[in-house]
Amino acid sequence: MTNFLVKTRQLVCGTLVGLGQKQLGIAETNFDWVIVDEAARAQASELMIAIQSGKRVLLVGDHRQLPPFYDKNHLKSAAKRLGISKRSIQVTDFQRLFETAKGVTLDTQYRMCEPIGDLVSHCFYANELTKLKTGRGCPPDWYSALPHPWNTPVVWIDSGQGESVTGEEPSGTGFVNHHEINLILDCLRLLSQSPYLEHICESQTESQKYVIGIITMYRAQRDLLDQQLSRAEWAGPLRCLIKIDTVDSYQGQENPIIILSLVRDSIDKQQGFLVNEPRINVSLSRAQERLIIVGACRMWQNANNEDPLGKVFKFVKEQAITKKSDYKIVDTDSLHGEKNG
């Protein structure tokens, strides 16, 4: 029956692995077009399942965001056997095809408001586009009436606590940062007390269950934040609106409000996998109306300033001087209204 439906339909949709089921007979069916979405995240073996049945193939994806998942040991072993660097072997099949076939780059995005879109464009797509255009309007007016720092589209909250105090703590194979968790909870508490909370709740729809996304760079930070938020009585009205997850689980998703917890803050300025540009790109570009980055400025202000987050910090700092209504860098006191950032 399924084989009959596949052969008699004009449009067949499915996952790459799902379409490979033998009973569907996809391999024996010829389609005029095969379109693969999120193709940059697919391994070659997964892509072959679908594209073998197409007279023409359209791959849609972004090689500047998260690549396919491969076991680190497998990558290391393959690179050694082939005599090439680990970095070279991580170049995806989608990227190779895009570069050799002169793929087309779309130049207009419709997810992010302009300040967030400009940040992502400048820091991650400057080599391919003069500027990534924004094809949508401004956020609803009530966003500007939210309490500080929520009234600004892009905010970097400095979680540094002085030269001799480090924020990160080892936790299993990762890290946690209690100070960043406290800052995030402070921000959410302010939001829960806002007279515009009703508007935030009304932003929840069937297709967009979560209005607020909190992205952390480490699983241990996610778990600890989830525990503390669940214990906070004041968070009751907001809890059903909040999704907390790691960046690796977030590609393809979006939320009106994104809070990003960077976690890393050490004396030796080690940033671990935060040097990974696709991860940083994905984490920032999930936001639609508001983006709050919580991280220690000292980690990227001087050291690491050529790395992805260094470029992000520099852009936000420069724009905060010229476009004060759209970008801000604030300190802990600013969250409590003691002074402006």
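Colleague: How many salt bridges does the structure hold?

Modeller: This is a predicted model, and the structure holds 14 salt bridges.

Colleague: What makes Asp 32 and Lys 55 a salt bridge?

Modeller: Their closest N and O atoms are 3.4 Å apart. The cut-off is a Lys or Arg side-chain nitrogen within 4 Å of a carboxyl oxygen of Asp or Glu, so the pair qualifies. Asp 32 sits in strand β1 and Lys 55 in strand β2, 23 residues apart. Asp 32 and Lys 55 are both exposed.

Colleague: Why can such side chains pair?

Modeller: Side chains of opposite charge can do so when their charged atoms come close.

Colleague: Where in the chain are Glu 277 and Arg 64?

Modeller: The side chains of Glu 277 and Arg 64 meet in a salt bridge, at 3.4 Å from N to O. Glu 277 belongs to helix α11, while Arg 64 lies in the loop between β2 and α3, 213 residues apart.

Colleague: Why is Arg 64 called buried?

Modeller: Arg 64 has a relative accessible area of 18%.

Colleague: Which residues are linked in a network of salt bridges?

Modeller: Arg 222, Asp 223, Lys 243 and Asp 245 are.

Note on methods
Residues numbered from 1 in each chain as written. Predicted model: local features only at pLDDT ≥ 70, side-chain atom pairs only at ≥ 80, totals over all residues. Heavy atoms only, no water. Helix = DSSP H or I, 4+ residues; strand = E, 2+ residues; numbered from the N terminus. Buried < 20%, exposed > 50% of the residue type's maximum accessible area, 1.4 Å probe, protein only.
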